[in-house]
Amino acid sequence: MTRRGGREPDTLPVSFVRAIDSIRAIALRAEVQVEETPAPQRLSPYAIALQASVTVGQSGEDEAASGRFVLLHDPAGQEPWDGTFRIVTFAKGTVEIDIAGDPMLTEVAWSWLLEALADRGAIFHAESGTVTRTTSQAFGAIGDRSPQGDVEIRASWTPLDEAIGEHVQAWVDVLTHIAGLPPLPSGVASLPSNRGA
């Protein structure tokens with residue numbers, strides 16, 4: 001968490017403290033590792049940033065998706081945000097080559113984000129972003145590698161309350177979707193993740 005001007009934690013805005021508490025109260029499935037990382041310092045007076053990775057496979061060492069979540073807070077508000085908070089996210093992962101080659105992937109991937117936010121009950125507006133799909137083919141000395149596809153979602157939106165944990169959970173849902181993990185069955189609790197947030 002970044003603080004400008006040497007502010008001590010007890011001088012943080014109450015709304016920002018509540019937002020952080022909401023983030024730290026969530027539980028994540030075992031395949032997701034989240035840690036707090038340095039946040040940008042010039043975009044807003046207060047910020048917190050999270051880095052996540054999703055691992056798959058029996059050993060749990062194969063990273064299938066990764067991302068970054070940044071919560072910005074300016075008590076005075078910023079006109080482009082249309083609010084006092086702004087969430088900026090990044091999510092990227094490898095997908096099957098035929099999926100990466102589908103021109104509909106960009107629209108489908110954007111819908112993953114909107115549906116995840118709706119499913120988590122996250123209230124927001126002023127959303128914007130981009131979805132990029134790429135395919136790559138190796139040649140020469142590495143020509144035996146299989147073709148690879150990737151999808152990348154960059155998005156930002158303005159939350160309308162301090163329940164930011166719901167937004168983090170939606171972002172993680174997008175990461176697990178990209179990684180190809182099945183959703184947890186209804187009624188099955190997520191396992192706490194070892195994270196620094």
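**Aromatic pairs and a helix contact**

User: How many aromatic pairs does the structure hold?
Analyst: The model is a predicted one. In this structure, the number of aromatic pairs is two.

User: Are the planes of F16 and Y46 stacked, edge-to-face or tilted?
Analyst: The ring centres of F16 and Y46 lie 5.7 Å apart. Planes under 30 degrees apart count as stacked and those over 60 as edge-to-face. The planes here stand at 40 degrees, so the pair is tilted.

User: Which elements of the chain does this pair link?
Analyst: F16 and Y46 are 30 residues apart and belong to distant parts of the chain. Both residues are buried. The elements they link are helix 1 (residues 14-24) and strand 3 (residues 46-56).

User: Where in the chain are F69 and W171?
Analyst: F69 and W171 form a tilted aromatic pair, with 5.4 Å from centre to centre and 50 degrees between the planes. F69 is buried, as is W171. They are 102 residues apart, F69 in strand 4 (residues 62-78) and W171 in helix 4.

User: How are helix 3 and helix 4 oriented to each other?
Analyst: The axes of helix 3 (residues 105-119) and helix 4 (residues 164-178) come within 8 Å and cross at roughly 140 degrees. Angles over 145 degrees count as roughly antiparallel, and 65 to 115 as roughly perpendicular. The two helices, helix 3 and helix 4, are therefore oblique.

User: Which residues of helix 3 make the contact with helix 4?
Analyst: Helix 4 contributes H167, A170, D173, V174, H177 and I178. The residues of the contact divide into seven nonpolar, two polar and one charged. From helix 3 come W112, L113, A116 and L117.

Conventions:
Residues are numbered from 1 along each chain as its sequence is written. This is a predicted model: local features need pLDDT of at least 70, side-chain atom pairs count only at pLDDT 80 or more; totals for chains, interfaces and linings use all residues. Side-chain values use heavy atoms; hydrogens and water are left out. Axes are lines fitted to C-alpha atoms, for helices over the stretch in contact, and angles run from 0 to 180 degrees between N-to-C directions. Helices (H or I, at least four residues) and strands (E, at least two) are DSSP runs, numbered from the N terminus. Angles under 35 degrees count as roughly parallel, over 145 as roughly antiparallel, 65 to 115 as roughly perpendicular and the rest as oblique. Contact means heavy atoms within 4.5 Å. Ala, Val, Leu, Ile, Met, Phe, Trp, Tyr, Cys and Pro count as nonpolar, Asp, Glu, Lys and Arg as charged, and the others, Gly among them, as polar. Rings of Phe, Tyr and Trp (its six-membered ring) pair if their centres lie within 6.5 Å; planes under 30 degrees apart count as stacked, over 60 as edge-to-face and the rest as tilted. Buried means under 20% relative accessible area, exposed over 50%, partly exposed in between (1.4 Å probe, protein chains only).
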